[in-house]
Amino acid sequence: MQNPFTTTFSKIPANTYIPTEQEQEIIENFSYDEPSESVYKITGVRGSGKTVLLAKVEEEFASDDNRKKGWCVYRLSPSRDMLIQLAAYMDKEGLVKRKKNSKSVNISASVLGSGGGIGLSTTNNNDIFDIGIEIDDMLQEFQKKDKRILVGVDEVSKTPEMIVFASEFGKWIRAGYPIYLVCTGLYENIEQLYNVNNLTFFRRATTIKTEPLNEVRMVNTYRKNLDVDMELAKEMASDTKGYPYAFQQMGVLYFKKSESEDYIDVIFDLKTELYAYSYEKIWEELTIEDRALVSILSNDDELKREDILNKMEKPNNYSVYRDRLLKRGIIKSRQGYISLALPYFGEYIKEYHSEG
């Protein structure tokens with residue numbers, strides 16, 4: 001039997017995917033004739049399901065039913081010229097007729113594969129070509145034909161390509177074109193785009209922060225796919241803390257465990273995978289101040305604000321560090337208490353980054 005769980009990056013698990021409220025929020029909004037939101041930014045810690053959430057939204061609007069309603073779904077790479085990519089996708093729809101005497105986007109058979117293959121055709125006159133104006137004309141034609149475009153961009157950051165694309169996207173929103181954007185990225189990477197000139201719309205756009213998976217659904221998924229009893233399924237779900245990467249990794253490891261192995265062996269292997277493929281990178285990306293705060297939290301299940309302040313060398317900026325870690329999904333808060341949000345992250349810190 002094939003393992004029903006997967007930890008492959010960005011792959012949607014066929015039988016073990018757990019829907020989220022954030023997914024339904026985005027889909028419901030774009031399903032209206034006049035969506036109230038044009039842009040969604042999906043943020044969260046590494047392994048929290050940002051890319052899978054984006055893929056599920058794309059999958060919904062790429063379905064046959066939504067294609068019949070006029071939806072076109074395009075996934076753009078932020079590492080290449082995004083305007084050229086978008087123009088290439090739109091041109092492939094065959095909805096826009098080219099003027100014989102104007103320059104146009106020339107798309108080879110390999111345009112949407114690696115390596116590009118996109119160029120600009122030349123004419124005998126000296127017409128000035130601008131890709132932004134070209135897309136603007138194409139969007140007008142799409143609008144006349146009742147077409148709507150959903151653009152997906154995974155792992156955005158403050159790159160020249162993203163800045164240029166976002167600047168043009170703001171113009172399209174102001175023009176009222178039926179084009180919508182869902183992008184993912186680490187909180188700090190998306191935040192860097194906020195202060196770029198002409199990107200006010202991006203700052204104000206709705207931010208969706210990934211949240212822990214529903215415990216009841218996790219329990220039922222483990223019971224159904226791993227043939228375990230209710231008690232063990234609850235323990236497994238609790239041990240993952242709803243962290244999507246841990247949820248899938250737990251399933252992968254339990255499915256593969258031999259008869260001679262116990263649950264404690266699965267937990268040992270789970271920690272190894274989390275440490276190596278998630279927590280090392282997360283730790284590297286933390287500032288010195290962030291590391292100091294999470295290190296304090298590594299010794300307790302949760303702590304009050306006053307207790308943390310007493311343990312900090314520089315407590316004056318506690319609120320800044322706390323808010324940043326909350327937005328990144330590394331800690332969580334509850335009625336005046338805060339704690340680490342990731343399973344076994346405290347143990348990782350003590351084992352590999354303890355000053356003692």
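Both Phe61 and Trp71 are buried, where buried means under 20% relative accessible area, exposed over 50% and partly exposed in between (1.4 Å probe, protein chains only). This is a predicted model, in which local features need pLDDT of at least 70 and side-chain atom pairs pLDDT 80 or more, while totals for chains, interfaces and linings use all residues. Residues are numbered from 1 along each chain as its sequence is written, and side-chain values use heavy atoms, leaving out hydrogens and water.

**Aromatic pairs**
- The structure holds 25 aromatic pairs; rings of Phe, Tyr and Trp (its six-membered ring) pair if their centres lie within 6.5 Å, and planes under 30 degrees apart count as stacked, over 60 as edge-to-face and the rest as tilted.
- Phe61 and Trp71 form a tilted pair, because their ring centres are 4.6 Å apart and their planes are at 50 degrees.
- Tyr74 and Tyr89 are stacked, because their centres are 4.9 Å apart with planes at 10 degrees.
- Tyr74 and Tyr89 are both buried.
- Ring pairs also join Tyr243, Tyr245, Tyr275, Tyr279, Phe345, Tyr348 and Tyr352 into a cluster.

**Charges over rings**
- Lys41 has its charged end over the ring of Phe202, 5.3 Å from the ring centre; this term needs NZ of Lys or CZ of Arg within 6 Å of the ring centre and within 35 degrees of the ring normal.
- The charged end of Lys257 sits over the ring of Tyr254, 5.2 Å from its centre.

**Cysteines**
- The count of disulfides (pairs of cysteine sulfur atoms within 2.5 Å) is zero.
- The sulfur of Cys72 is too far for a bond, because the closest cysteine sulfur, in Cys183, is 20 Å away.
- Cys72 counts as buried at 1% relative accessibility, and Cys183 counts as buried at 0%.
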